[in-house]
Amino acid sequence: MLLRRFERERKARKQAEGLLEKKSLELFNANKELRELANDQERLIEQRTGQLVKARDEAIQANRHKSDFLSRMSHELRTPMNAILGFSQLLESDPAHPLSEDQHENLSEIMKAGRHLLELINEVLDLSKIEAGKLELMPEEVSPTELMEECLLLIKPMAEQKDIRLINHLEKMPACLLYADRMRLKQVLLNLLSNAVKYNHDLGSVEIEPPEVVEKHLRICIRDTGPGIAADALPRLFEPFSRVSNDSGIEGTGIGLTISKLLMEMMGGHIGVESKPGKGSRFWIDVSCGDAATNTAESKKPAEESPQRIDAGVSTEKAFTLLYVEDNPANLKLVKLLMKRRGDNRLLEAENAELGLEMALARRPDIILMDLQLPGMSGIEALQKLRATAEIASIPTIALSANAMPADIQRGLDAGFDAYLTKPIKVVELMDTLDGVLANPRVQ
Ligand code: ADP
């Protein structure tokens, strides 16, 4: 009896052991499969991540190529624009052949479209440079009051045309200095101020609210009494080419705010907007700032120190000689006509820098006007040679170039040009610069 029980139990134990072994084998196999699956997954994820990184790098590269292309295109477009706007200005005010009223109107349309196209080219150029990571900022200490005063002065004529009141509270400006690229910050402020005037009603107002410092940033708010912007349009405002208000008839490109946002971000600041249809808009920027008490820049007067003082309206008694170094026939012709009309000068022409230097030595002109992108020796190299040649080292030399980015201008001035003008030629600016250089000749 006992034996039988023992035998039954042994059998049952054996069965249980067999079952356990079978289950553990199943478990082992399942585990193995799971591990292989996990490994496969890991390999798949790695492979996919590699593909995504490659696709992202390719997209970044493609975007750079696109921006490079746009940047070069825009530069090429500026040259013919120079001829279009330059010759239009010449036609507009030709005392020998005055235009009829109709012709005048048609010409204004050409010039208006030309200026619009130029603005578009400049903004696309800016945007593509930022996107290609090629925009260099030159941060410095900036007095907010001085900067705002300059901007208001520039905006005033535009506001007066629409009888718009400009209100500011600059007397309440906190004692601080901004840390930003002066020229670029001015570009952002001018964009916001000109929008506040452009998209406003006649007899409206634009108010710069009392600026305040919040978390080491100066907040400058610009409020207008325009038609405002619908809530669903606000998110699109900073995207390129989005014109959201009822803009018919108002000139614009739809890129200004996109550039402003990118510039503010590059300078470590922010830009924002609040608006209600019918109640106007309020755009603000936050600019990094520090305590003015620890700085002396506030007390400096940059205008008095500027090496480029332009003394408009000064005219010369005797004829002066201008040497123009330029390879583009249309530009040459334009300056020739402008100088002929001006009348108090002799113009010498050289189509490349090598010839220009020879002519400078032989003829000793009073001023040299130098294109920068020349076949062979560049304008900058020519200036270096000029400054290193004692007989002609002190001839005032003005750069005239289609490279219009602030960094290009700074490079030109750093190289030693007495002034840097950008194409398309602005007749008044060219004449004022010549007057300024003639009135303040270089000291030998
Ligand atoms: P632009 O003025 O050249 O068209 P912006 O990028 O500066 O380009 O502005 C984009 C759009 O945002 C404008 O076309 C306009 O529709 C809208 N906008 C900008 N500022 C204002 C404003 N102060 N009031 C109403 N709409 C505005």
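Okay, let's start with Asn82, which sits in helix H1, residues 2-92. Helices here are DSSP runs of H or I with at least four residues, strands are E runs with at least two, and both are numbered from the N terminus. Quick note on what we're looking at: this is a predicted model, where local features need pLDDT of at least 70 and side-chain atom pairs count only at pLDDT 80 or more, while totals for chains, interfaces and linings use all residues. Residues are numbered from 1 along each chain as its sequence is written, and side-chain values use heavy atoms, with hydrogens and water left out.

So, is Asn82 buried or exposed? Asn82 counts as buried because its relative accessibility is 0%; the cut-off for buried is under 20% relative accessible area, with over 50% being exposed and partly exposed in between, using a 1.4 Å probe and protein chains only. And what does Asn82 touch, leaving aside neighbours within four places in sequence? Asn331, Leu334, Lys423, Pro424 and Ile425 are in contact with Asn82, meaning heavy atoms within 4.5 Å.

Next up, strand E8, residues 280-291. Nine of its 12 residues are buried, so the rest of the structure largely encloses E8. Which strands pair with E8? Pairing, by the way, needs at least two DSSP bridges between two strands. Strand E6, residues 217-224, runs antiparallel to E8 with seven bridges, and there His217 faces Ser288. Strand E7, residues 270-276, is also antiparallel to E8, joined by seven bridges, with Glu274 opposite Arg282. E7 and E8 make a hairpin with three residues between them, and Gly278 in that turn has a positive phi of about 85°. Then strand E3, residues 176-181, pairs antiparallel with E8 over three bridges, and Leu177 stands across from Gly290.

Last stop, the cavity. On a 1 Å grid over the protein atoms alone, that's a set of points where a 1.4 Å probe fits but cannot get out, and lining residues have an atom within 4 Å of a point. Which element gives the largest share of the lining? Helix H8 does, with four residues. The lining residues include Leu323, Gly356 and Met370.

Methods:
1 Å grid on protein atoms, 1.4 Å probe; cavity = no way out; pocket = protein on both sides within 12 Å on 5 of 7 lines; lining within 4 Å.
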